[in-house]
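Morning, everyone. Let's go through one model together. Have it up on your screens, please.

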Amino acid sequence: MKRRPGRAAVVLAVVVAVTTAVFAGVFATRLSQGSQLSDSPLVGAPSPVMTLPLLDGSGETEIPDPAAQVTVINFFASWCLECRVEHPDLLAVAEAFLDSGVRLVQISYQDRPEDSIAFLNELGISPLVRYASDPDSRAAIAFGVFGIPETYFIGPDGVVTGRIIGPSDSLSLGRQIDLILGSGRPE
Amino acid sequence: MADPTGMRLLLRWVSPLLTLALAAFVVVSLTTADPAHQDRAERIGKQVRCPACEGESIAESPSSYAADMMGYVREMVTQGLSDQQILDRLMAAYPRSQMLDPPFQTRTALLWALPATALVTGLLLAFYRLRKPVAPESIRDST
Amino acid sequence: MLSLAGTLAVWTALVASGWLAVAGWQAARNPFADSRSIAALRRSLLVMVLAALGAMIILEAALLANDFTVSYVANHHSRHTPFPFNIATAWAALEGSIVLWGLVLAGYAYAVWRRATAGGTGPDSLDWGALAVIGAVGVFFFGLMVTVANPFEVCTEAAARSCTASSALPFSRAVGPPDGLGPNPLLQNHLLMAIHPPLLYLGYVGLTVPFAYGLSALALRRSGPGWLRRSGLWTRVAWVFLTAGITLGAWWAYEVLGWGGYWAWDPVENASFMPWLVATAFLHSSLVQERRGMLEAWNFVLVIGAFSLTILGTFLTRSGVIASVHSFTQSAIGPALLGFLVVVTVGSFALFAARSQQISSPPRLESPSSREGGFLLNNLLLTVYAMVVLTGTLYPLALEAFTGSEVGVGRPFFDRMAVPISFALLLAMGIGPALPWRVARARVVWSRVHLPLQVALAAGVLVIIAATRVGYVVMAVIAGSWVVAVAAARLWSQARRAARPKGANAWSMIPAVIRSDRGFWGGQLAHAGVALAAVAIACTANLSQTLDRVEMAPGDRVEFAGYELVHTGVSTTRTPNRLKSSAHVEIWKNGRRVGLAEPALSQFETSALPIATPGIHHTLTQDLYLSLTRIDEQAITLRAATAPLQWVLWLGGLTCAAGGFYSLVGRKRRRSGAVRSPEGERAGG
């Protein structure tokens, strides 16, 4: 009556067990040193080129700014809490790096112009910064925005050199700008 | 129904013919039906994961960012671009993981092969291992 | 205070489950287990249950008392979270959900004990071994609670609305924030969210029990009908909860998430669906073993596989690995669950391989066209189905881990693979119950199925003439009616056969026929539920109409799908933690106002993007599903869709669960003729 259930079941068991173990092993070792920021295909590629209307309707701005050494693109909205956090640092960096030819362009994302303007009036406006609106989200699509705030850095050769997802601060902004101004390209 | 010859006649002739007739009607109606009309933009949109939401495609998502992406797709459709051109432009700055429909490539070969292997292995096992003659036992009729 | 009590409860449960594992194993290894070791087992079990219950009660008490010195409360609760969501917050986030897991596991351990000791023949070593395995699993989960997922840490540093540092030492100086951020807004939107996770957990955790019996049988070299009958019973229990939980989860997604769908093939859903598929396969293949002694090895594989998949699912959904493959190492729970998965899978399959000599698999299949052959086909299809879902879910992760390359796998892939498998399953579901055991002669089969086949085809013809020629819908109707018609024909012919000797009316015999084999007829009811769900899925996927976003000022009207929608105004309600703006949309049909829908957008103070709540107008033939993308005093942006026969899907899912439940309450007791005690019944059901 007792008969071997056949090697098939045992082979199956071994295959499943080994697969699980290998999968888990690779998983645990490979991913522990992963970084979170660089997986945009845009980084290292030429920046999208476009013209956007200014938020107050007074004119247009070009992206990337042809007159600037470094164009910093920041997507924000009045409903975004973390944008409030990073706003003072963005302003400070825009002013600090003015002489190095850095131009900050802030693009309103999924927001009504009047709300964005109210947000800026509350938190601070600088004449050094361009404030653009983004009709039909074409700029956000072109830059591959997931969720704001997001910040992109474009070098003098028009190549996107870096991206910050989530709130930026003076330190991270300054480091990216220094990398472009210093060596032309980070790493 | 109670008459055995009538029953046999029914089973042998009327029933198969009726079945065939019904099946033929279904097959003919379905094959001659107008192909389901599907919006091209909708079809493309279903292949793109909405970046601002969780899980849904941009064609399904109610978020306004997905709506803007769909608007872009529709615009390119009216410009007469091919599906691939539209996807390339729309997704130029997004990682490939945002696409919902995996392409046939060498790096996705296992994705398609594994379920197929499971099916074939299962069939082979069932066929060769389980179908061996056995000594007749007392047959318990059971329904 | 509550931190201390909670920590004590969790530690007690941890020690007790370790004790249960040891005592259970000792009792199992000794064939003449004396009353002392049984008493130890019983004591450890009771302590484990009480401590797990205590931990849950303390967590709830901390939530209800707004005790923000408890880290879980500070991070996931707010003073303004309304009832019943303040209760449900206890399982809305990671640490609390593990507490619920532990409680459910302890509950199952207790039920297993009651069931084992209530019967007439008395419990035996299989039961003790299973309790030992449950205890070992408990050690892992209570271990999580005292280490990487500790909800009872003391908040030692507080920001305005959260806890920035916490300590596991219960005597640390407690500094709680004055208020917290509250649970994820999506989870505060609908009552179903409070019900669906516990149900799903009852299903998920329940699969531990058949696994425990399987391991117990392997370890004790006790293959045969003993473990199978017990595993089959407890799989049914878990399966009923799992089916209901998945259905309610889909229902919740439909009512709350606002995109009009109910199933997105996302990893969280797949995580619950894979164990369901494997458990379903086991329910069927266990019948083959019970009846014919075949497939025992395969049955071991299935119970181990189902449990491993629940752990894998927990890993996928709780480790953050889905949000980003890189984020999973940020929390220690990911590696812990991964390690446990490896231990469980490798350990149990190694034990299985080592014991394979003892597993009997006598009679071979006589003919593929037989009831056994039908079950084999069913198992093949369900296993391949699970394999598809598993591969599709893990492939992006595996590819990135192994090669760094990225790929997305979503609905188009799953639909393409799942639709043909599902149709094949429906057809098998129809033919299977019509096949006799051992060998099916073509004439017998034909006499049983020809009428149902004609009924099914006639239903298809009716749909073509009266409603639609969309292929998937017609085929789903044919396949679904085929399943139901075959079952109905079997019922009728058995009723007639039962009625003939008594000269009674066949109709009057139907209840007696059903009662005589509740397992079979419960299964048929479950099949009918699946058939209903299949028809509903085909209809919603293929016959839905959509109205892409229209801007409407107050007073505007728009025509859609035979309705006229009128935007009459906007109202806002403010509760402490959210601002809800609702649009009032009147629904007119043929000049009559038939309903009012209030789709809304809620702005939670803690969340950036507004949360959409759809307004749904339910009718018998279809739902009218309205959702907003923008709202203000001047205009709304409205999206509308129809969902034909949507309610039939919920009906189908719940019918399926009900079928499982019916087969459970009516299962025959052990042969010994034990008198059923009410407690035993409750524990079984």
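How far apart do the C-alpha centres of domain 1 of chain C and domain 2 of chain C lie? They lie 43 Å apart. This is a predicted model, so to read it: local features need pLDDT of at least 70, side-chain atom pairs count only at pLDDT 80 or more, and totals for chains, interfaces and linings use all residues. Residues are numbered from 1 along each chain as its sequence is written, while chains are lettered from A and ligands numbered from 1 in the order in which they are written.

Back to the domains. Domain 1 of chain C is 1-183 and domain 2 is 546-647, with bounds from an automatic or database domain assignment. Their contact takes four residues from each of the two. Contact means C-beta atoms, placed from the backbone, within 7 Å. On the domain 1 side, one residue is nonpolar, three are polar and none is charged. Nonpolar is Ala, Val, Leu, Ile, Met, Phe, Trp, Tyr, Cys and Pro; charged is Asp, Glu, Lys and Arg; the others, Gly among them, are polar.

Next, chain C against chain B. That contact takes 56 residues from chain C and 49 from chain B. Helix 13 of chain C gives the largest share of the chain C side, eleven residues. By class, that side has 30 nonpolar, 16 polar and ten charged residues.

Last, helix 11 of chain C, residues 296-318. Helices are DSSP runs of H or I, at least four residues, numbered from the N terminus. Just after helix 11, Gly320(C) takes a positive phi of about 80°.

Key:
Helices (H or I, at least four residues) and strands (E, at least two) are DSSP runs, numbered from the N terminus. The expected span of a helix is 1.5 Å times one less than its number of residues.
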